[in-house]
Structures are given as C-alpha cells and as structure tokens.
Amino acid sequence: MLATLLRPLSWIVPVLTYLAMMVVRDLYVVEGINPDFISYYQNATHWLAGNTGLAVSGYWGVMYSWIMAVALLVTRDPMTVGWGVLGFTGLCLILAGEIYLRIVGVRPRYRLLAGIALALFSAYWASNQLTPDLLLGSFVVFGGGLYILALRRHSIAMAILAGLVLGVAYLCKTPGLLFAFGIIVGFAIMVLVTRERGLGAVLKIALPALLAMAVVAGPWILVLSNHYGHFTWTTAIERNQGQAIGIEHPNFTEFHKPRDGRITSWEDPSEFGGTGGMIAPEKKPGLVSVLAENVLYAHGVLTSGGWFLLTVGALFALLFHGPGGPRLLAEPWRFGIFGAAIVLLPYMVSYAAQERYYMAAYPFLLGATFGAVQWGEKAGLLSWRLFGFLPAWLPRLLLTLVVAVFLWAPELIRAREIGTRPDGAPAHGAYRQSASLARALDGIGAEGPYAEIGNVNRLSLNAAFATGRQFYGAELDADHLDRARALGVGVLIVDPAFAGRVAADPAWREVSGQLPEPLLAIPAGHARIFVPAG
C-alpha cells in the first residue's frame, strides 16, 4: 500500500519542490550573466540568421544554442531566454534521474528521498551559471539508464534508442562523446568481467548502441571537420588543459579585436590571433601537472557537502556484495559506480576545477547509494532488531534523517548563495546594470568597442553584449593602454585600483562624472569610465 502511494510521489514531490525553488529564483536571481552564456546566445542568433560560418564551433555544444534559438523565436530578452532555458534543463535532469532510478531498481520510498535531493541539487545549479551542464547530465543519465535496460533485457531496439540518446549528449557538450563511448563500452566490459553475459551476447547490444551514437554524432563531426579544415570533434581539450593550470584565454587577459561579426572572441575561443586560440608550445602544461590539479579539486568536491554521503555510498556498493561477487544485471544500481567514474575521468586530463562538470555523476551516485542501502537492508545490515528494545521502524527514520542532514541540508544551505558573490554582488555581473550603463554611455556620445582593465565584474563585456558592440578584451593591469588606443577601443571601463594610471595618460579622458553612480557599482567600489581624448 505504501509503495503504491509513494510511486507517483517519487517524481511529483521532487518536481514540485524544484518548481517552487524556480519561482523563488525568478523573484530574486535573474540578473547574473556569464561569458559562456554570451557565447551560446550569440551562436543561437547566428543560427537563426543562417550564418553557419559564425554559428559552428568546436568548443561549445550546439544543442544548447539550438534550444536557445527556439526560445528566441518567442522573446529576444536575453535574461528570459537564458534563465528560462536553464530552468528547463534542470527539470530535464530531475526527470532523467527519476527514470534512471526506476530502471536500476531503487524502491519508491528511496526514490522519493533521492528525488528531493536531486531537485535541490538541480535548483541550485539552475540558479547559478547559464551553461548546458544540466542538459548534458540529463542525456547522459537517461541514455545510461536505457543502455542498462538494453543489457538486462538483451534488447537491440533499446540499445539503439540508448545510443541515439547518448549521441545527443555529444551535441549538448563535447565531453558527451567521451561519456557516451565510455558508458557503452565500459558497461559492456563490466558485464563481461562479471561473467553475466558472453562476448557474443554483449556485442549484440554494444555494437548497435555504438552505431546509433555514431549516426547522431557523426554528422556534427563532419560539419566541424569541414569548418576547421581537418578532422575535428572538439577544440576544447588543449584550451581547457591550459585553464587547469591558470593559463586563461586572451579574451580575459589581452586587448585584441574579435573576428568580424562576433561580439567577443569567446564565441569561438579557437579563432584568436590566427593560432587557433591555443597555447604556445613553451607554455603547454604537462599531463602530470594537469592531472594533479584536477584530482585535488575532484577530491575536494567528492568529500564535501552532499557529495560525501554519495561517495561513501558508492564505495559501499563497490566493496560489499554477495558471495558470488557483484551481479550488475541482477543489481543494476551497481552500474552507477562505473557511470560516475566514466563521466569524471575525461575531465581529469582536461579541466575539472568547476563542480558543475560533475552534474552527470550525481544521479549515478544516487542510484548506487540508495541501491546499496536496499542491499544492506536485505542483508540485515540495517536491522536494529538485534537490540530487541528498538522498534522496527527506527532504521528507516534514522536513514531519512541522515539523508536530510547530508544530502538535503547542504543544498539548502548553499541556496542562500544563489547568484551572488560573498559580498552580495551578482556572481558574474548584473546584465541589466550593464545594459543601463551602455544606454547612459550612448546618451553622452561614447561610441565604439568596449574593453576593460582589472576586476570590473564584467561590466564592459556585458555592456558590449547588451548593445551588440564588440568587446576588445580585458587586461589585468594598465600596462598596455597604447594597444587599446591603437585597436580603436571606444569605451574603457577600469577598476578603481588602476584608474590613476589611465587618468594620467593624455590619450584618455574620464567621463565617469557624467554617469549615474549606481550604474558604476562593482565589488571593488565604483568603476571608472574612460574614452579616447581625441
């Protein structure tokens, strides 16, 4: 009776929880904007305009821009499009997680606990950064669940469907191709290792799945290869390896002119300077350095907050099993251990220093953890009847409390930080503030491309985006003012720490006093605005 009641609640309650948090988000957190979103949004506009030469990028996943392009048919307001699409992808992850948990056999009462945790997790990330990581996680988890079902049922049709879904994961974000290949091949190998299927039976499922994945991914690889003039499935690996050890893209460190038709060179980081935006040979990081940085960061994430309980649960699922060894097809929740590893490993050799990259691992670990709880309950490890005087319902109550403290509470606590820095400023710069500043600058006749010096909370980049002007990059200090002038920068937004040096240069004239002070507010005080003196 209880299981019948909980079955629909296992997805209804998480969805309602998520939607309630989205209402709160839209009341308080719709100002932040990040550079990645600008690139996806601009690429969406290029697709709508039919300008494939600008729209095609080997760095950014194309599916997110396509979804934005559909949203742009309804409204051209960037914040409505950005936060609306992000909210939709968070809902996708919740539903994909629910389907996955059902497929791997997590019981309704545990699905309810896991579903609420996933709803809180998704709500946080759907209120944080405008990126496609939630969308990527949705297709990886959904496709992984379908592939497990195909292996269990020995269904070629299900394997083909799983391959198609996993192929779409690549279109969401380029690491999705590695995730898809890893899940199809990795899960098949694990079934062979546990001797639950013979080689022929496994190949009959794995090969159709790989072929279906190639049908989806292959055409986009051909498009990219034609666009760049050589075989290309991504341009992100080398760039991200540099980022792992602190080598930033010139968009954030050097004055430069983007390609005509682009607002920022970040729309396709590989285009900068005619060198593919790549790292100079003498500065290329060693793989050991990259691995060390990424493993340290991953360790910090997986041992903190709600991740800690899931990591412990996954280790329990890995180490404890019946006398015959782990049976993946009989206990499919154990696949979650390997699913999480598969989506984490590719980032270890690239750039893993952002928790959002780990989103796809979260539902896999939820399945492994709650599957392990079920196994422990069945094996009598969670039975308190050994103590006689304790009631039989106590273990379930204690388990719920543990979940609430270790999974739910961390997400609720950090929900207070949604969209803001510790000092309360928007995490990536307030779009509407930047748009208002751009209009005020237009009002005083300040024209031309934007650039910035120091930390001005992306005011210059966002103002350029709001007006459709080009962004000529940012520098960390005021050492290259002549370069900014030579390039033709029309508006230079400066961190107050460097304003004195710019003011002392006769080539620049300050106009900050002609602008409303609130529009200049940044974490460091108030930005200073300069235009060419001549």
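**Strand pairing and helix packing in a predicted model**

Strand β4 (residues 508-510) pairs with β7 in the antiparallel sense over three bridges; pairing requires at least two DSSP bridges between the strands. Within this pair, Arg 509 stands opposite Val 531 in β7. Strand β7 (residues 528-532) also runs antiparallel to strand β3 (residues 491-494), again joined by three bridges, and there Leu 492 stands opposite Phe 530. Strands (E, at least two residues) and helices (H or I, at least four) are DSSP runs, numbered from the N terminus.

This is a predicted model, in which local features need pLDDT of at least 70 and side-chain atom pairs count only at pLDDT 80 or more, whereas totals for chains, interfaces and linings use all residues. Residues are numbered from 1 along each chain as its sequence is written, and side-chain values use heavy atoms, with hydrogens and water left out.

The protein averages a pLDDT, the predictor's confidence in each residue from 0 to 100, of 86, and 87% of the residues score at least 70. Over residues 273-282 the pLDDT is below 50, and this stretch has 19 contacts beyond near neighbours in sequence, a contact being heavy atoms within 4.5 Å. Where pLDDT is low, predicted coordinates should not be read in detail.

I turn to the helices. The axes of α8 (residues 156-172) and α10 (residues 199-228), lines fitted to C-alpha atoms over the stretch in contact, with angles from 0 to 180 degrees between N-to-C directions, come within 7 Å and cross at roughly 30°. That makes α8 roughly parallel to α10, the term for angles under 35 degrees. Among the residues that meet are Gly 163 and Gly 167 in α8, and Ala 209 and Trp 220 in α10.

Note on methods. Parallel < 35°, antiparallel > 145°, perpendicular 65-115°, else oblique.
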